[in-house]
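These are my notebook entries on a single structure. I set down what I looked up, entry by entry.

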Amino acid sequence: MKRPTIRIPSLVLVVSLASVTAQSHASGFALIENSASGQGNAFAGAAAYAEDASTIWFNPAGMMKVKEDQIIIAGHYISPKSSFSNGNSVDASGTPLTGPDDDGGIDAFVANFYWLKGINDNTKVGVGVTTPFGLTTKYDDTWKGRYHGVESDLKTININPSIAYQVNDKISIGGGINLMLADVTFTSAVDFGALCYAALNPATCNAQGNVPQQADGFADLTADNFSDLGWGVNLGLMWDITPATRLGVAWRSETKIKVKGDADFKVPASASFAPSLGVFIDTGVRAEVTLPQSFSVSLAHEVKQWKWLADVTWTGWSSFEELRIKYDNPNQPDTVTPEDWDDSFRYSIGADYTLNDIWTLRGGLAYDETPIPNAEKRTPRIPGNSRTWVSLGATYNINTSFIVDVGYSHLFVNDTPINNTLESTTCCLPATLNGTYTASVDILSAQLRWNY
């Protein structure tokens, strides 16, 4: 019996190393929910805003604008809807894929922490703890796209010690080091009926009960980088062009994430032929992905009780060219998924209105481009598309020491076509998921500032 070449389907798409919802909230699988005050104005002018200690993430030079030593605890509740409607989804033989359509969106919670302290009149230090990348999608085990993906869960934690320095009365600079932890779970169904047809012959497979789409197994990948943290740097500058107008620029470097873990397979009893050929046996797994660099230019302009804000942010997603999964089992060839993502831009405008000494009101609009180039490169793990933000928020000053910020955003996501075919060297595995996602996202944020 000839040994076939079998590649694990996109289950092992560690591709999305990503954390909170089927539709990520910034481009690709980035998360921008790193401040409740910024949430209220759609993060407009974020690199020039410097309203509080969350500037550690958006532009560390802004720490010089925060008058008090400060601690922030923030939380964000994210509720996505991402409903798939089938078009013409088929297996490799052209047979329609069985199973229901599904909504993979999962409600999730993201938290941030910031600490800022002045060292002297010209220097401040701080630490930010954020979740800058991630996604969570979870579909029914039997849905039409089960061979492409069932569960995708990436959690990241970024620890960002930073320092800022006041160069003169107009310019401040800042920088930080980013230490990134990542924890990944990806699962999908495996069509052992189709694999049997590739390895043996249909008559034998039918007699064994190994019929395509009727003899599914399951694959489960878990991995993390706890023993090999990813790291990068970020830099920022703020320039008071006039007493009323401020320019902010901020750059964040690429961060390479290398994860190690385990690939576990559930193989139906009828499909014992696969382990006997040395494939789909539990094994170690390794993968790496380069998280993109970004560059932001922001403006903030004050007129009486108004602060007007604008921002353009570029994200270098073109570094995400492919995802390669390597297995410790020498019989299991690498899984290579071409991505070929594009660089993307985010544009935002917004305003704050100081009502009185107690209340500040906020609003903002943003347009966030998707880096996914076309329907063929889109997967159900990251079925993202360009989206428009509408945001509202407010600040309540309890007293000089304690301040509460709240923000709400609704994201209108463009209808999202998908026409993705699994990468596979085996004739009978490359099923095609074809259809349309209809999506939206609601985000509610709150934070407590403590001036101490």
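Helices (H or I, at least four residues) and strands (E, at least two) are taken as DSSP runs and numbered from the N terminus. The model is predicted, so I note that local features need pLDDT of at least 70 and side-chain atom pairs count only at pLDDT 80 or more, while totals for chains, interfaces and linings use all residues. Residues are numbered from 1 along each chain as its sequence is written, and side-chain values use heavy atoms, with hydrogens and water left out.

**Entry 1: pockets**

I took the terms as follows: on a 1 Å grid over the protein atoms alone, a cavity is a set of points where a 1.4 Å probe fits but cannot get out, and a pocket is an open set with protein on both sides within 12 Å along at least five of seven lines; a lining residue has an atom within 4 Å of a point. Grid points are joined across faces, edges and corners, and a volume is the space filled by probe spheres set on the points.

I looked up the second largest pocket and found a volume of about 390 Å³. Its lining counts 19 residues, with Lys-258, Ala-287, Glu-288, Val-289 and Arg-324 nearest the centre. Strands β10 (255-266), β11 (283-291) and β14 (322-327) each contribute at least two lining residues. Which strand gives the most to this lining? I recorded β11, with five residues. For residue classes, I counted Ala, Val, Leu, Ile, Met, Phe, Trp, Tyr, Cys and Pro as nonpolar, Asp, Glu, Lys and Arg as charged, and the others, Gly among them, as polar. On that basis the second largest pocket is lined by five nonpolar, four polar and 10 charged residues.

I then turned to the largest pocket, which holds about 860 Å³ of space. It has 27 lining residues, and those closest to its centre are Glu-51, Lys-65, Lys-67, Lys-307 and Arg-449. At least two lining residues come from each of β13 (306-315), β16 (344-354), β18 (387-397) and β21 (432-451). The classes here are six nonpolar, 10 polar and 11 charged.

**Entry 2: cavities**

How many cavities of 30 Å³ or more does the structure hold? I noted three. The largest cavity has a volume of about 520 Å³. Among its 37 lining residues, Trp-57, Ser-294, Ser-296, Thr-313 and Thr-315 lie nearest the centre. Elements that each supply at least two residues of this lining include α2 (46-49), α3 (55-58), β12 (294-303), β13 and β16. By class I have 19 nonpolar, 14 polar and four charged residues.

The second largest cavity holds about 90 Å³. Ser-35, Ala-46, Tyr-49, Ser-54 and Phe-58 are the closest to its centre, out of 14 lining residues. Helices α1 (36-39), α2 and α3 each supply at least two residues of that lining.

**Entry 3: aromatic rings**

I counted rings of Phe, Tyr and Trp (its six-membered ring) as paired if their centres lie within 6.5 Å; planes under 30 degrees apart are stacked, over 60 edge-to-face, and the rest tilted. My search of the whole structure gave 20 aromatic pairs. One of them, Trp-450 with Tyr-452, is tilted, at 5.5 Å centre to centre and 45 degrees between the planes.

I next looked for charges over rings (NZ of Lys or CZ of Arg within 6 Å of the ring centre and within 35 degrees of the ring normal). Arg-252 lies over the face of Trp-57, 3.5 Å from the ring centre. The charged end of Arg-346 sits over the ring of Trp-389, 4.7 Å from its centre.

**Entry 4: strand pairing around β5**

I treated two strands as paired if DSSP finds at least two bridges between them. Strand β3 (123-130) runs antiparallel to β5 (151-166), with eight bridges; Gly-126 has Ser-162 of β5 as its bridge partner. Strand β4 (134-138) is also antiparallel to β5, over five bridges, and Gly-134 stands opposite Lys-155 in β5. β5 and β6 share 14 bridges in the antiparallel sense and form a hairpin with four residues between them. In that pairing Gln-166 faces Ser-172 of β6.
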